[in-house]
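Hi,

Here's the structure I promised to pass on. Have a look at it first, and then read my notes below.

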Amino acid sequence: MATIRDVAELAGVSPATVSRVVNGLVGYSDETRLRVEAAVKSLSYETDYFARGLKTRQTSVIGLLAPVVSDALTSQVMQGVEIEAQERGYAVMMGRTGAKSAYIASYLRTLRTYRAAGVILISAVITPETRQLLGPTVPIISVAISDKSGSPSVAIDDEQAAYDATRHLLRLGHRRIGLLAGNLASIYVAQPRKRGYERAMAEAGCTPVTATGTFFYESGAACVDELLTQEPGLTAFFAMSDEMGAAAINELQRRGFRVPEDVSVLGFDNTSTSLHVNPQLSTMAQPLEEMGRTAVKKLLRARDLGPKIMAHRLIERGSTAPISSAGPNQTASRN
């Protein structure tokens, strides 16, 4: 039976290009497509992944499951997964799980039956139930979340990243810093980030002020309102996501605050959302695309499935500045 490498050699292209053509993806010329299609026909190349799996006991398919597929964080991780998988001749099967464990279970059973080469979870931990549903032979790894138990994962140290973000605002002279927190039921992301913020504030002798919402844009304005009610003299806001940070900038400006002259705003993740607001959002960056690529590499090595902590870094843009000696604009509306 012809392999993807046989087709690539005959067509004079890479295996990744063959994979893109046979899966109907973009990234090649019409001339290249015609050469690949001719090679596929000449070699009678079999692209039925399930039929190949019956013979090899494993298909060239990687399952990718995420609670949502429309947010910027998931999109950037997905991009890294798809690039790395395609370069290695694998197709990606995407599933949206929402917050329902029944959906996750259904996808895992399907991927087990399909003899997937592995499964990647975005923003979800690997539970004993997950492992049982998938079976012992299919490797699995999580991305952008780590439960500190040593299970397969690719993530940053969320607590340390939040600590470093808060320390940055403190170094700029801010002492009244409000936290826009994501859902604190998220014990592996929101809670570590809250601990990092609180640790930095405590070391500086400052009082934490927190409003809790979701990680998404819609809750950002409500959190700003709650924080200003608790502490009208806030000079900086640290948001647990770029979406919350972007919403905070827009809401503060609507109230008459100048960003960053009156109030600084710092986000988290370095997603594309951070660039689509004025001023652009300073943020604590996760290497999201690289995390996706790393997850594929570790998954396909199978023996290298321990936790991988990636480096975070601060990206300064226009939404943060040293505290103004004049303090917040006293004419700004608090309502």
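This is a predicted model: local features need pLDDT of at least 70, side-chain atom pairs count only at pLDDT 80 or more; totals for chains, interfaces and linings use all residues.

Let's start with strand β10, residues 282-285, which is joined to β12 by three bridges, with the two running antiparallel.

Now zoom out to the whole sheet. Strands in a sheet pair through backbone hydrogen bonds, and they can do so parallel or antiparallel. Here, six strands make an open sheet with mixed pairing, and the order is β7-β6-β8-β9-β10-β12. From one strand to the next, the twist averages 20 degrees.

There's a helix to look for here too. Helix α10, residues 220-230, lies across β6 (177-181), β7 and β8 (236-239). Relative to β7, helix α10 runs at about 145 degrees.

The other thing I looked at is S123. You'll find S123 in the loop between β3 (118-122) and α7 (128-134). Is S123 buried, exposed or partly exposed? S123 has a relative accessible area of 33%, so it counts as partly exposed. Apart from neighbours within four places in sequence, S123 touches P67, L73, V143, A144 and I145. One more pair to check is S123 and S146: they are 23 residues apart along the chain, and their C-alpha atoms are separated by 8.7 Å.

Cheers

Terms used
Residues are numbered from 1 along each chain as its sequence is written. Side-chain values use heavy atoms; hydrogens and water are left out. Helices (H or I, at least four residues) and strands (E, at least two) are DSSP runs, numbered from the N terminus. Buried means under 20% relative accessible area, exposed over 50%, partly exposed in between (1.4 Å probe, protein chains only). Contact means heavy atoms within 4.5 Å. Two strands pair if DSSP finds at least two bridges between them. Axes are lines fitted to C-alpha atoms, for helices over the stretch in contact, and angles run from 0 to 180 degrees between N-to-C directions.
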